[in-house]
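Biologist: Please put the model up so that we can go through its helices and a few single residues.

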Amino acid sequence: MTKVAIFIDIQNVYYTVREAYGRNFDYNKFWAQATANREVVKAVCYAIDRGDQKQREFQNILRAIGFEVKLKPFIQRSDGSAKGDWDVGIALDAIEYAEQADIIVLVSGDGDFDLLVAKIRVKHGKKVEVYGVPQLTAASLINEASEFIGIDKALLLS
C-alpha cells in the first residue's frame with residue numbers, strides 16, 4: 001500500500017479558504033480524499049495556540065480524525081504585530097518523513113514552501129501533492145508540486 005505523510009499549515013488554510021469562499025475547510029472530507037487506499041505514516045496539523053475554548057475543541061476534532069496537532073504560542077509584539085508561523089517546523093518534519101513515505105501531502109498556499117517541495121521531489125524522489133486555494137496559492141509552489149489539488153467547494157463545510 002502507498003504510504004503518505006500529511007502536513008497542514010492551519011493558519012494558511014483557514015485564512016485563504018475564508019477569503020476565497022467565506023467558509024471553512026472540511027478536514028474530514030480532506031482526510032477521506034488524501035488517505036484513500038493509502039497507509040498514513042504521519043499526519044500533522046500545525047497551529048498557533050491562542051488558548052481559547054473553541055480552538056481547543058477544534059484541535060480535539062482534528063485529533064479524533066487522526067491528526068497530531070502541534071501548537072506554538074501566539075506572540076503579540078509590542079508594536080502590535082503578531083508572530084506565529086510553522087514554516088521551519090513543517091519543513092523539518094516533511095523532510096524527516098520523506099524517507100518513510102511514498103507521497104508527501106502539503107496543505108498550504110505559501111510560496112515559501114516551493115524550495116521544500118522541490119527538495120523532496122528531487123533529492124528524495126517522492127511525489128508531493130499540494131492542496132491550496134487556486135487563486136491564493138503561490139505560482140512557484142504550484143509549479144514545484146508533483147500534483148496541485150485545488151481546494152474548492154467539495155472540500156468545504158456546508
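The questions and answers below concern this predicted model.

Biologist: How far apart are the end C-alpha atoms of helix α4?
Modeller: Helix α4 runs over residues 87-98, which is 12 residues. At 1.5 Å a residue the helix should span 16 Å. The model agrees with that, because the separation of the end C-alpha atoms is 16 Å.

Biologist: Which residues of α4 are buried, and what arc do they cover around the axis?
Modeller: The buried residues of α4 are D87, G89, I90, D93, A94, Y97 and A98. They are on the same side of α4, because around the axis they cover an arc of only 160°.

Biologist: Which exposed residues does the opposite face of α4 carry?
Modeller: This is the face turned away from the buried side of α4. An exposed residue has over 50% relative accessible area. The exposed residues on that face of α4 are V88 and L92.

Biologist: Against which elements do the buried residues of α4 pack?
Modeller: Strands β1 (2-9), β2 (38-49), β3 (68-73) and β6 (103-107) are among them. A helix, α5 (114-122), also packs against the buried residues of α4.

Biologist: What covers the buried residues of α5?
Modeller: The residues in question are D114, L116, V117, A118 and I120, which are buried in α5. Their cover includes α4, β6, β7 and α6.

Biologist: Are α2 and α3 roughly parallel or roughly antiparallel?
Modeller: The axes of α2 (residues 27-35) and α3 (residues 53-65) come within 10 Å and cross at roughly 25°. The crossing is right-handed. Angles under 35 degrees count as roughly parallel. The two helices α2 and α3 are therefore roughly parallel.

Biologist: Which residues of α3 do Y27, N28 and W31 meet?
Modeller: Y27, N28 and W31 belong to α2. Two of these, Y27 and W31, are also listed as buried in α2. The residues they and N28 meet in α3 are F58, L62 and I65.

Biologist: Which residues of α2 are buried, and what arc do they cover?
Modeller: In α2 the buried residues are Y27, F30, W31, A34 and T35. They lie on the same side of α2, because the arc they cover around the axis is only 105°. What covers them includes β1, α1, β2, α3, β6 and β7.

Biologist: What is the relative accessible area of F30, and which residues does F30 touch?
Modeller: F30 is found in helix α2 and is buried, with a relative accessible area of 0%. The C-alpha atoms of F30 and A154 are separated by 9.1 Å, although these residues are 124 residues apart along the chain. Not counting residues up to four places away in sequence, F30 touches I6, I8, F25, F67, V105, V107, Y131 and L155.

Biologist: Is I10 buried or exposed, and what does I10 touch?
Modeller: I10 lies in helix α1. With a relative accessible area of 7%, I10 is buried. Between I10 and D85, 75 residues apart in sequence, the C-alpha to C-alpha distance is 9.8 Å. Beyond four places in sequence, I10 touches Y27, C45, Y46, A47, F58 and L62.

Biologist: How does R23 count by relative accessibility, and what is R23 in contact with?
Modeller: R23 lies in the loop between α1 (10-21) and α2. Its relative accessibility is 28%, so R23 counts as partly exposed. Leaving aside neighbours within four places in sequence, R23 is in contact with V17, R18, K153, L156, L157 and S158.

Biologist: What is the phi of N37?
Modeller: N37 sits in the loop between α2 and β2, and at 69% relative accessibility N37 counts as exposed. Most residues other than glycine have a negative phi. N37 is not a glycine, yet its phi is positive, at about 60°.

Biologist: Where is T137, and which residues does T137 touch?
Modeller: T137 is in the loop between β7 (127-132) and α6 (139-144). At 10% relative accessible area, T137 is buried. Residues up to four places away in sequence are not counted, and T137 then touches S108, G109, G132, I142 and F148.

How values were computed. Residues numbered from 1 in each chain as written. Predicted model: local features only at pLDDT ≥ 70, side-chain atom pairs only at ≥ 80, totals over all residues. Heavy atoms only, no water. Helix = DSSP H or I, 4+ residues; strand = E, 2+ residues; numbered from the N terminus. Expected span 1.5 Å × (residues − 1). Buried < 20%, exposed > 50% of the residue type's maximum accessible area, 1.4 Å probe, protein only. Arc of directions from axis to C-beta. Contact = heavy atoms within 4.5 Å. Axes fitted to C-alpha atoms, helices over the stretch in contact; angles between N-to-C directions. Parallel < 35°, antiparallel > 145°, perpendicular 65-115°, else oblique. Left-handed = near helix turned anticlockwise from the far one by under 90°.
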